[in-house]
Amino acid sequence: MMTEVTQQPPSTGAQHDHGSAKLIFNWLKLAESALGNNSDRLNAINIFPVPDGDTGSNLYHTVAAATRALEDVDANASAGKALATAATAALDHAQGNSGTLIAVMLNALAEPLSKATRLTAPLLALGLQRASAAAWAALSDPQEGTMLTILDTAAATAANFRGSINQQPEDQQNSRKTLGEMTSRIVETAWLAVEETENQLAELSEAQVVDAGATGLLLVFDALRATVQGESLDPEILESIHGFHVAHPHVHQDMQVAEAYEVMCSLQLTPLDAATLRIGLNEIGNSVIMSPINTIEDDNGTIRWRVHVHVAEPDDAMKLIRPLGDTENLAITPLHAGNTTVDAQCHPVTEATTEDPK
């Protein structure tokens, strides 16, 4: 069983020290801690696509599901196996728009690592490209100025960095030092992109805040940087972000939310049923996200999907979903409830720390 460990000195960049499942566990555990400690402020600035004040909580609980799935994985397992296990759990138990998108990112990021023992800069660059494409494809109505923009920025930064090291020896390209340099670049450009979200969506500009989901993703990337480099999270990364000071109000509280419900579930679908369901959900609701949890067909030609939609009446969605098969992890949540209470679990007392994997 993997457990949280104390932080060690920064890595030397040797080959053996950034492989295995331990790196993935430490990254996601640190991300879980960062999201938990900042969930209240992420909730406070959550006004898009619905001002329901739950983005921080949704991100936290989704990443927490990923780390729980890794607790029984051998610490010496490959990074690819670990990330695939974590991603599947995250998608199956994703909460909200933001939680679903972070799970989609992890799931696509795991693809190029399927046979890899360790995470490297070239694999991270490839994974982020796939993650960006998967996230845009999962959404029926993707928008700039959201988590998608930050993911695009991270993928472009990683691709540019990958191009700049093409002439280096292979062992240098695959070193932990190079991976650390890439993650630092990603955090730098993602931070700038988060600040710019305030100018990309009218709702955010009017409220003078940045996108909550985008900010949460920035924390996840900083957790990766800190884990790879054997350092702590950047304590100043959110200081200049509008709406993120404790004294600032919960901007969503004065905004009206029309009566609506969020419906989420996992179920087995054929390709035709998946396409038909997406069309149907688009006709009756919005914020539709559909993403395959895996790509392995069962004997009936179906694969497992995660489905998310906002609808005026949950029965309208269930009439489309139920005939297609049995649902699992079904959650129906009123978006108009105005829930601003953050689960106590979202506030770890101490920051998670990282270890240089052995």
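This is a predicted model: local features need pLDDT of at least 70, side-chain atom pairs count only at pLDDT 80 or more; totals for chains, interfaces and linings use all residues.
**Entry: helix H1.** I began with helix H1, residues 20-37. Its 18 residues should span 26 Å at 1.5 Å a residue, and I found the end C-alpha atoms 27 Å apart, which agrees. I also looked at its cover: 17 of the 18 residues are buried.

**Entry: Val228.** Next I looked up Val228, which sits in helix H11 (residues 212-229). Its relative accessibility is 2%, so I noted Val228 as buried, the cut-off being under 20%.

**Entry: salt bridges.** I then turned to the charged pairs, and the count came to seven salt bridges. One of them joins Asp92 and Arg304, at 3.0 Å from N to O. This pair links distant parts of the chain, with Asp92 in helix H4 and Arg304 in strand S3, 212 residues apart. Asp92 is buried at 12% relative accessible area, and Arg304 is buried too, at 11%.

Another salt bridge I checked is Lys177 with Glu181, whose closest N and O atoms are 2.8 Å apart. Both residues lie in helix H9, four residues apart, about one turn of the helix. Here Lys177 is exposed at 56%, while Glu181 is partly exposed at 33%. I also noted a network: salt bridges with shared partners join Asp92, Arg304 and Glu328.

**Entry: a charged patch.** Last, I looked at the surface, where Glu259, Glu313, Asp315 and Asp316 gather in a patch of negative charge. Asp315 belongs to helix H13 (residues 314-321) and is partly exposed, at 48% relative accessibility.

Terms used. Residues are numbered from 1 along each chain as its sequence is written. Side-chain values use heavy atoms; hydrogens and water are left out. Patches are made of residues with over 30% relative accessible area and no salt bridge: like charges are joined within 9 Å, nonpolar side chains (Val, Leu, Ile, Met, Phe, Trp, Tyr) within 5 Å. Accessible areas come from the Shrake-Rupley method with a 1.4 Å probe; for residues, only the protein chains shown count as cover. A salt bridge is a side-chain nitrogen of Lys or Arg within 4 Å of a carboxyl oxygen of Asp or Glu. Lys and Arg count as positive and Asp and Glu as negative; His and the chain ends are not counted. The place of a charge is taken as NZ of Lys, CZ of Arg, CG of Asp or CD of Glu. Helices (H or I, at least four residues) and strands (E, at least two) are DSSP runs, numbered from the N terminus. Buried means under 20% relative accessible area, exposed over 50%, partly exposed in between (1.4 Å probe, protein chains only). The expected span of a helix is 1.5 Å times one less than its number of residues.
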